Amino acid sequence: MALTADPDEDLVRRVGQGDPAAIQALVARKLPRMLALAHRMLGDAAEAEDVAQEAMLRAWKQAPRWTPGQARFDTWLHRVGLNLCYDRLRRRREVATDTLPERVDEGPAPDRGLMAAATGARVEAALAGLPDRQREAIVLCHYQELTNIEAAALMTISVDALESLLSRGRRALRLALADIRPGAEGA
């Protein structure tokens, strides 16, 4: 299978050479997606920031040793982010707690935001309730907008296995959110 050209190859090479502008460009290009990935996987903004920063730090440290052609840099960075998320999820399981942390409502103004925030919270909770691999597949394909081929490669599974995870995950989300009508929140 022929690899396509890596759009980040030149940027990673420049980061590896210590180019400050390249470092800024890499962070500007990759940090928002790492934040989104980590937030969807962990459901906690502070932890997501920590994971995204650690992933970017590892990218910066790895850049001088990066070998083009083995894998796309973006694929490698997503794998790093996912591994960091899974490390945190494993640690969470080790520390049981009876109370959930309070969450700040970051939604729109109260007149439109209450229902949207409630719906968003329901979707987040339903997503968090999925088995890890199903959640990973949903996040990579729907939120990170990776193709099925890219997501399957990242998860080191076949495309058929990925599609099976997506199908089961979507089915579970539909069941968990069956009472929510599309467009009901007015957004």
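1. Where does M41 lie? M41 lies in helix 2, and I found that a handy place to begin reading this model. A word on the ground rules before going on. This is a predicted model, in which local features need pLDDT of at least 70 and side-chain atom pairs count only at pLDDT 80 or more, while totals for chains, interfaces and linings use all residues. Residues are numbered from 1 along each chain as its sequence is written, and side-chain values use heavy atoms, with hydrogens and water left out.

2. On confidence: pLDDT is the predictor's confidence in each residue, on a scale from 0 to 100. The protein chain has a mean pLDDT of 83, and 83% of its residues reach 70 or more. Confidence is lowest in helix 5 (residues 110-128), with a mean of 73, and highest in helix 8 (residues 159-176), at 93. Please keep the value for helix 5 in mind when you reach point 7.

3. On the overall make-up: the protein chain has eight helices and zero strands. Here helices (H or I, at least four residues) and strands (E, at least two) are DSSP runs, numbered from the N terminus. Read from that end, the order of elements is α-α-α-α-α-α-α-α. The chain has 187 residues, of which 32% count as buried; buried means under 20% relative accessible area, exposed over 50%, and partly exposed in between, with a 1.4 Å probe and protein chains only. Among contacts with a separation of 6 or more, 66% are between residues 24 or more positions apart, where contact means heavy atoms within 4.5 Å.

4. The pairing of helix 2 with helix 6 deserves a look. Helix 2 (residues 20-42) packs against helix 6 (residues 132-143) at an angle of about 145°, and the axes are 10 Å apart. Axes are lines fitted to C-alpha atoms, for helices over the stretch in contact, and angles run from 0 to 180 degrees between N-to-C directions. From helix 2 come L37, R40 and M41, which meet R135, E136, V139, L140 and Y143 of helix 6. By class, this contact has five nonpolar, no polar and three charged residues. For the classes, Ala, Val, Leu, Ile, Met, Phe, Trp, Tyr, Cys and Pro count as nonpolar, Asp, Glu, Lys and Arg as charged, and the others, Gly among them, as polar.

5. Back to M41, which counts as buried at 3% relative accessibility. Leaving aside neighbours within four places in sequence, M41 is in contact with L82, C85, Y86, L89, R135, E136 and V139. M41 and R88 are 47 residues apart in sequence, and their C-alpha atoms are 9.9 Å apart in space.

6. L82 is found in helix 4 (residues 73-94) and is buried, at 0% relative accessibility. Not counting residues up to four places away in sequence, L82 touches L37, M41, E136, L140 and L154. L82 and E136 are 54 residues apart in sequence but 8.1 Å apart in space, C-alpha to C-alpha.

7. Two further buried positions are worth a visit. Q134, in helix 6, is buried with a relative accessible area of 11%; residues up to four places away aside, Q134 touches L165, R168 and G169. A126 lies in helix 5 and is buried too, with a relative accessible area of 13%. Beyond neighbours within four places in sequence, A126 is in contact with L173, A176 and L177.

8. Helix 7 (residues 148-155) has A151, A152, L154 and M155 as its buried residues. They cover an arc of only 160° around the axis, so they sit on the same side of helix 7; the arc is that of the directions from the helix axis to the C-beta atoms.

9. Finally, two loop residues to check by eye. E145, in the loop between helix 6 and helix 7, has a positive phi of about 60° although it is not a glycine. E145 is exposed, with a relative accessible area of 66%. T156 lies in the loop between helix 7 and helix 8 and has a positive phi of about 55°, again without being a glycine. At 69% relative accessibility, T156 counts as exposed.
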